[in-house]
Amino acid sequence: MARVRQERAEITRQAILDGAAIAFDQGGFGGTSLSDVVKYAGVTKGALYFHFQSKEALARTLMDEQFQVSSGVPAIVDPGLQTAIDLTHRMAFGLRTNVRIRAGIRLVIEFGSFTHPDPSPYNAWIDTCHQCLTPAQERGDVLPALNTYDLSTLIVGSFTGIQVTSYVRTSREDLHTRVVDLWKHLLPGIVPADRISLFDPSGSPTCRLQLGLPSRYAQHSASPNSEAVTAG
């Protein structure tokens, strides 16, 4: 019986998170009430308060869930530059298909506002990117003169701006294409010229297969003067 109760409690908790994600994705933190969460989750307020003491606790949980996208990085034997490229596409895919990730990212941006700035989610992504770029530089895939932490900060900041712009302009329909553009223009400035062809801005074959993304990018055209790119 105890196990059954635990399973039911977990089902309720997940329903609450799903409902909260829908509400936060639509209205943001300030525009969402706990009544909205209860409505979308299909639970009682008592059940909600049993699992989460406040709206902020719900928001923090959803903000943390975005890091599931990068959870496998520490297990990769040889993370590198292509790992970082793939991560940006995995996050782009999550933003387009997973309401929890969309809500989490929206909350990160709101919680990182000028009023009460919280840099911790950004710092976590920068650290993850840095874990990929440091060994990449050691094996000669990133120019030795570059500071990989500063480069990681640039990549995270650039992706943040790109996804917001894509959301406003196309509801993120063009997000993968914009991510390809980012890497297409960035790679020539950070990778030795004779190694650029080793990296695919549209994601590795494994990444594209897992996400169901077609590749329309010629691997050897990673140059700002190349033809227009469409990643999916």
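Author: A cavity, in this predicted model, is a set of grid points where a 1.4 Å probe fits but cannot get out.

Reader: What makes up the lining of the largest cavity, and which residues are closest to its centre?

Author: The lining has 19 residues, and Met91, Trp125, Val156, Phe159 and Thr160 are the closest to the centre. Helix H5 (81-97), H6, helix H7 (120-138) and helix H8 (148-170) each give two or more residues to that lining. By type, 14 are nonpolar, five are polar and none is charged.

Reader: Why is Cys132 called buried?

Author: Buried means under 20% relative accessible area; Cys132 is at 0%, so Cys132 counts as buried. Cys207 has a relative accessible area of 0% too, so Cys207 is buried.

Reader: And how do you know that Cys132 is in no disulfide?

Author: The two sulfurs would have to be within 2.5 Å. For Cys132, the nearest cysteine sulfur belongs to Cys129, and that one is 6.2 Å away. Across the model, the count comes to zero disulfides.

Reader: Where is confidence highest and lowest among the helices?

Author: Helix H9 (residues 175-190) comes out highest with a mean pLDDT of 96, and helix H6 (residues 99-111) lowest with 85. Over residues 217-232, though, the pLDDT is below 50, and the stretch has 42 contacts beyond near neighbours in sequence.

Reader: Why not read too much into coordinates with low pLDDT?

Author: Because where pLDDT is low, the predicted coordinates should not be read in detail. For the protein, the average pLDDT is 86, and 86% of the residues score at least 70.

Notes: Residues numbered from 1 in each chain as written. Predicted model: local features only at pLDDT ≥ 70, side-chain atom pairs only at ≥ 80, totals over all residues. Heavy atoms only, no water. pLDDT = per-residue confidence, 0-100. Helix = DSSP H or I, 4+ residues; strand = E, 2+ residues; numbered from the N terminus. Contact = heavy atoms within 4.5 Å. Buried < 20%, exposed > 50% of the residue type's maximum accessible area, 1.4 Å probe, protein only. 1 Å grid on protein atoms, 1.4 Å probe; cavity = no way out; pocket = protein on both sides within 12 Å on 5 of 7 lines; lining within 4 Å. Nonpolar A, V, L, I, M, F, W, Y, C, P; charged D, E, K, R; others polar.
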